[in-house]
Amino acid sequence: MHVDFLIVGQGITGTLLSYELLKAGKRVLVVDRPDARKASLVAGAVINPLSGKGFRAAQHAALLIPAALQTYRSLETLLDKALLREQTLYIFPGDEEEVRAFDAAIQREAGSHLHWMPEAARDEWGNYFHMEQGIGMQQPVWQVDAASLLECWRQYLVAQDAYREEVFAYDQLVVNETQTQYKDITAGTVVFCEGTGAVHNPFLQGLPFTRNRGDVLLLSAPGLPATGIYHRGLRLVPRADGLFWCGSNYRWQFDDLEPDTGWQAYAETLLGQWLRVPFAIEAHLVAERPTTAGQVPLIGRHPRHAALAVFNGLGTRGFSSGPYWAAQLCRLLCQKEYSLSNYSKDWLDRHWSKQA
Ligand SMILES: Cc1cc2nc3c(=O)[nH]c(=O)nc-3n(C[C@H](O)[C@H](O)[C@H](O)COP(=O)(O)OP(=O)(O)OC[C@H]3O[C@@H](n4cnc5c(N)ncnc54)[C@H](O)[C@@H]3O)c2cc1C
């Protein structure tokens with residue numbers, strides 16, 4: 001079998017890159033292993049143009065968000081499936097300091113999509129939430145139905161004979177100057193999209209991956225309207241299966257990916273103080289985010305092995321930034337002279353060149 005591109009991994013990066021390459025008329029094969037800890041399936045998959053407690057514009061938001069919306073809408077059409085939902089983010093400040101931060105953000109982002117919910121409209125919300133400091137609103141944010149996107153795309157690939165479920169065996173990859181051989185497959189380029197699985201990839205040694213894990217609870221809360229995303233220290237995101245995604249924490253030091261029972265107890269206490277409706281915890285999930293030193297994505301061809309490329313390191317915001325970078329990488333892979341905008345190739349080359 002001959003393909004132009006063999007893609008290892010079908011999280012959001014492998015999904016988006018294979019979509020772009022197929023759209024560009026390339027022959028593609030995606031190899032992915034079943035993985036309950038796939039970051040893309042544990043993620044809240046929220047696209048938010050603002051970030052952090054100060055509600056400041058996320059880096060490159062003006063570039064990344066329009067690209068993301070356009071890509072997910074095109075995928076909705078192609079797959080005939082609703083994948084992107086426009087949402088309101090309801091923010092419940094926990095104290096005076098958070099109220100001041102929200103006020104400051106409204107002033108700073110004048111004309112943006114932040115405002116306080118008028119007092120008259122708040123009464124109904126008292127049925128669902130305890131609130132001392134009012135409710136801030138941000139409109140719009142977006143939510144990707146990641147489970148549907150990844151599964152529908154997998155089925156699409158299967159129908160094109162472009163998908164194999166298996167663990168990619170690195171020791172069976174032979175890299176030549178202009179192409180690669182993997183088992184029965186000859187591929188012009190292998191693109192590694194394995195998320196945090198990349199730490200086991202001998203071809204990616206030297207790249208500055210860091211380790212960060214996040215815990216997530218899946219809640220049933222039948223009395224809570226599934227019409228918005230709610231935030232108070234924790235975020236509650238309604239899912240297509242009727243449950244609420246509740247997350248998350250960021251841990252940089254850890255030995256395993258067992259559920260953090262201390263965090264779960266903290267989350268349960270916080271939810272008990274916040275929600276007026278009954279809730280039950282249905283599952284506790286854990287995944288690693290593919291973070292890098294300096295929070296810089298890893299995108300491009302290997303400096304010495306032109307038949308190898310990487311698409312990784314999208315960190316905490318893969319659903320926002322993935323579509324833009326997938327389109328950029330597709331152009332880089334298909335057009336010899338193209339260079340990525342908003343990206344330092346030297347940075348990637350410097351780290352990758354350290355490899356023996
Ligand atoms: C708790 C949590 C909350 C998050 N919330 C958000 C959010 O709200 N918004 C947002 O934009 N981002 C969020 N993120 C970040 C987002 O999940 C990541 O940026 C993104 O999912 C990374 O995608 P990926 O394709 O690089 O990796 P992954 O989704 O992990 O996919 C990698 C794939 O490669 C496969 N693979 C690895 N090794 C091999 C091998 N040897 N052979 C075959 N297959 C292999 C894996 O099985 C997996 O399927 C969150 C992450 C976490 C953990």
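Predicted model: local features only at pLDDT ≥ 70, side-chain atom pairs only at ≥ 80, totals over all residues.
**Entry: E288**

Is E288 buried or exposed? E288 has a relative accessible area of 14%. The cut-off for buried is under 20%, so E288 counts as buried. I placed E288 in strand β17, which covers residues 280-292. I then checked what its side chain meets. The side chain of E288 makes a polar contact with the side chain of R211, at 3.1 Å. I also listed its contacts, leaving aside neighbours within four places in sequence. They are A39, T196, R211, N212, R213, F254 and L257.

**Entry: nonpolar cores**

I turned to the cores next. In soluble globular proteins, nonpolar side chains tend to be buried together. Here the largest nonpolar core has 73 residues. Which of them touch the most other members? I found L17, Y72, V191, F192 and F311. Helix α3, residues 61-79, gives the most to this core, with nine residues.

Not counting residues up to four places away in sequence, L17 touches I7, V191, C193, F311, A326, L329, C330 and L333. V191 and F311 are also on the list of residues that touch the most other core members.

**Entry: second largest pocket**

How much space lies in the second largest pocket? I read about 580 Å³. The pocket is lined by 28 residues. Closest to its centre are R301, A306, L332, L333 and K336. L333 is also one of the residues that L17 touches.

I sorted the lining by class. It has 13 nonpolar, eight polar and seven charged residues. I then sorted the lining by element. β1 (2-8), β12 (185-192), β18 (298-301), α8 (318-334) and α9 (345-353) each supply at least two residues. β1 gives the most, with four residues.

I went to the start of the chain. M1 is found in the segment before β1. Its relative accessible area is 40%, so I recorded M1 as partly exposed. Not counting residues up to four places away in sequence, M1 touches L29, D161, R164, D184, I185 and T186. I also checked M1 against W352, which is 351 residues away along the chain. Their C-alpha atoms are separated by 29 Å.

**Entry: backbone geometry**

I ended with the backbone. Most residues other than glycine have a negative phi, and most peptide bonds are trans. I looked for departures from this.

Where are cis bonds found? One runs from Q139 to P140, with omega near -10°. P140 is found in strand β8, residues 136-144. Another runs from G247 to S248, also with omega near -10°. S248 is found in the loop between β16 (244-247) and α7 (261-274).

I then noted positive phi values. D80 is not a glycine, yet its phi is positive, about 55°. D80 lies in the loop between α3 and β6 (84-91). Its relative accessibility is 69%, so D80 counts as exposed. Q295 is not a glycine either, and its phi is also positive, about 55°. Q295 lies in the loop between β17 and β18. E288, where I began, is in strand β17.

Definitions and conventions
Residues numbered from 1 in each chain as written. Heavy atoms only, no water. Buried < 20%, exposed > 50% of the residue type's maximum accessible area, 1.4 Å probe, protein only. Polar contact = N/O pair within 3.5 Å; in protein donor to acceptor, adjacent residues only side chain to side chain. Contact = heavy atoms within 4.5 Å. Core = buried A, V, L, I, M, F, W, Y, C linked by side-chain atoms within 4.5 Å. 1 Å grid on protein atoms, 1.4 Å probe; cavity = no way out; pocket = protein on both sides within 12 Å on 5 of 7 lines; lining within 4 Å. Points joined across faces, edges and corners; volume = space filled by probe spheres on them. Nonpolar A, V, L, I, M, F, W, Y, C, P; charged D, E, K, R; others polar.
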